[in-house]
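Subject: Structure handover

Hi,

Here is the structure I promised you. Please open it alongside this note.

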Amino acid sequence: MTSTLAAAASTGEAVQFWILGTVAVIGALCTILMKKAVHSALCLAGTMIILAVFYLANGAYFLGVVQIVVYTGAIMMLFLFVVMLVGVTAADSLKETLKGQRWLAATCGLGFGILLIAGIRNAQLKDFNGLAQANAAGNVQGLAELIFTKYVFAFEITGALLITATVGAMVLTNRERTERAKSQRELAEIRVREGKHLPPLPAPGVYARHNAVDIAGLLPDGTPSELTVMQTLRERGQIRDVSTQALNDLKALEQRSAERLGRDGDRDGDREEEAAK
């Protein structure tokens, strides 16, 4: 069997398999060994891209495109964005909610690995025909014929399991509200009692003649309001103070406007005098 497979694969395919296969295995290991969830998601995305390359190299063009567009481009990127937005850090609690779950998971993984190795060793392939016969009418047609004829029950059962898992996840993550939601009037009364800033704050750059988010807005009295800049920039010390310069510019602008209005007023007065004459 080994000699038949080696004869069917070209040198380029063999080199591609050993190089990309090694990278895929390293990416899979990094997925479970990385401490940060974002790094694990990126490693898993790289492993999925390599699987797509394997599909394309073997003539399964539909599966390769689906692997990139659906799994890597949609599902994995969604996971990555969710992890980044939630902000999973090393400071999160790593305390086990169920005692002994790590040992149980390790035992199950070891048993699965033994079964997988035993199955691969006992596998036999009498005839190696490749994908030419399966893709005789086209890759999509051949895949559809297998899914909806020979493997239709496995396909439907897998779909039912995925739907059940999705519904179960929604049920488990649903949180029932134990108290009544406060109305707008009640929230306003709470803000008044706590002495918070009631009127709307100026947006970043308002009265500062600038629309940058790192410039604090100026209140009508000319003092900058740090509340108009996001907390992250305040903690980083990345707020630019241009209040003095902005006030000087405003004074110069008002002076020029007053002078221009004064000249216009003098011209209007001269016109009225000429008309009266």
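Below is what turned up, taken region by region.

First, the ground rules. This is a predicted model, where local features need pLDDT of at least 70, side-chain atom pairs count only at pLDDT 80 or more, and totals for chains, interfaces and linings use all residues. Residues are numbered from 1 along each chain as its sequence is written, and side-chain values use heavy atoms, with hydrogens and water left out.

Helix H3

H3 covers residues 37-57. Helices here are DSSP runs (H or I, at least four residues), numbered from the N terminus. The expected span of a helix is 1.5 Å times one less than its number of residues.

Which residues of H3 are buried? They are Ser 40, Ala 41, Cys 43, Ala 45, Thr 47, Met 48, Ile 50, Ala 52 and Phe 54. Buried means under 20% relative accessible area, exposed over 50%, and partly exposed in between (1.4 Å probe, protein chains only). Just after H3, Gly 59 takes a positive phi of about 90°.

The surface carries a nonpolar patch with about 960 Å² of accessible area together. Its members are Leu 56, Tyr 61, Val 65, Ile 68, Val 69, Val 70, Tyr 71, Ile 75, Leu 78, Phe 79 and Val 82. Patches take residues with over 30% relative accessible area and no salt bridge; like charges are joined within 9 Å, nonpolar side chains (Val, Leu, Ile, Met, Phe, Trp, Tyr) within 5 Å. Areas come from the Shrake-Rupley method with a 1.4 Å probe; for residues, only the protein chains shown count as cover.

Helix H4 (residues 61-86) gives the largest share of the patch, ten residues. Tyr 61 lies in H4. Tyr 61 counts as exposed because its relative accessibility is 52%.

The second largest pocket

This pocket has a volume of about 310 Å³. A pocket is an open set of points on a 1 Å grid over the protein atoms alone, where a 1.4 Å probe fits, with protein on both sides within 12 Å along at least five of seven lines; lining residues have an atom within 4 Å of a point. Grid points are joined across faces, edges and corners, and the volume is the space filled by probe spheres set on them.

The lining includes Tyr 55, Phe 62, Tyr 71, Leu 143 and Phe 155. H4 and helix H6 (139-150) each supply at least two lining residues. The largest share, five residues, comes from H4.

Salt bridges

How many salt bridges does a search of the whole structure find? Three. The test is a side-chain nitrogen of Lys or Arg within 4 Å of a carboxyl oxygen of Asp or Glu.

- Arg 180 and Glu 186 meet at 2.9 Å, N to O. Arg 180 is exposed at 60%; Glu 186 is partly exposed at 26%.
- Arg 185 and Glu 189 meet at 3.5 Å, N to O. They sit four residues apart in helix H8 (residues 184-194), about one helical turn.
- Arg 193 pairs with Glu 189, the closest N and O atoms being 3.8 Å apart.

Best wishes
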